[in-house]
Amino acid sequence: MTDQLTRQDFENLGPRSLKVLAADGEIDLTVLELRDLPNPSPRAHPFAVILEGPSNPLLPQAILPLVHPTLGRLDVFVVPIAQDARHTRYELVFN
């Protein structure tokens, strides 16, 4: 299913509208940025999603279940990319 996702699937989502099902329970995430990526791959329109969640717990780099408000559960590769005292940012890449 993730190979059929588009950038539009992540546009106009409200704050904390995505959830990751982690060992510590559900973690609310907010879409901060959507970015188009160069297209050297078979995907028609590769893109990246930058998400923000709480600083604790820190989600590991791993394939984790993401709950989308309209698409339901999606297994996605989550990568932590930045952290401060209040927030952690994660990147999802679809290419």
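Glutamate 52 touches Asp28, Leu29, Thr30, Leu32, His87, Thr88 and Arg89, leaving out residues up to four places away in sequence. Contact here means heavy atoms within 4.5 Å. This is a predicted model, in which local features need pLDDT of at least 70 and side-chain atom pairs count only at pLDDT 80 or more, while totals for chains, interfaces and linings use all residues. Residues are numbered from 1 along each chain as its sequence is written, and side-chain values use heavy atoms, with hydrogens and water left out.

Stay with glutamate 52 for a moment. It is found in strand 3. Buried means under 20% relative accessible area, exposed means over 50%, and partly exposed lies in between (1.4 Å probe, protein chains only). The side chain of glutamate 52 also makes a polar contact of 3.5 Å with the side chain of arginine 89. A polar contact is a pair of N or O atoms within 3.5 Å; within protein, one must be able to donate a hydrogen and the other to accept it, and residues adjacent in sequence count only if both atoms are side-chain atoms.

Now step back to the whole chain. The protein has 0 helices and 6 strands. Its pattern along the sequence is β-β-β-β-β-β. The radius of gyration is 13 Å, close to the 12 Å that the globule rule gives for 95 residues, so the protein is as compact as a globular protein of that length. That radius is taken over C-alpha atoms, and the rule is 2.2 Å times the number of residues to the power 0.38. Helices (H or I, at least four residues) and strands (E, at least two) are DSSP runs, numbered from the N terminus. The C-alpha trace spans about 35 × 25 × 25 Å along its principal axes. Of the 95 residues, 37% count as buried.

Next, follow the strand pairing. Two strands pair if DSSP finds at least two bridges between them. Strands 1 and 2 run antiparallel, joined by 5 bridges. They form a hairpin with 2 residues between them. Lysine 19 stands opposite aspartate 28 in strand 2. Strand 1 also runs antiparallel to strand 4, through 2 bridges. There, valine 20 stands opposite leucine 66.

Strand 4 continues the chain of partners. It runs antiparallel to strand 5, with 7 bridges between them. A hairpin of 3 residues links these two strands. Leucine 64 has valine 76 in strand 5 as its bridge partner. Strand 5 is in turn joined to strand 6 by 4 bridges, again antiparallel. A hairpin with 3 residues connects them. Alanine 82 stands opposite arginine 89 in strand 6.

Finally, look inside. The largest nonpolar core has 21 residues, and Phe10, Leu29, Val49, Leu51, Leu66, Leu92 and Phe94 touch the most other members. Strands 1, 2, 3, 4, 5 and 6 each give two or more residues to this core. Strand 2 gives the most, with 4 residues. Such a core is a set of buried Ala, Val, Leu, Ile, Met, Phe, Trp, Tyr and Cys residues joined through side-chain atoms within 4.5 Å. Leucine 66 touches residues including Phe10, Leu18, Val20, Leu29 and Leu92, not counting those up to four places away in sequence.
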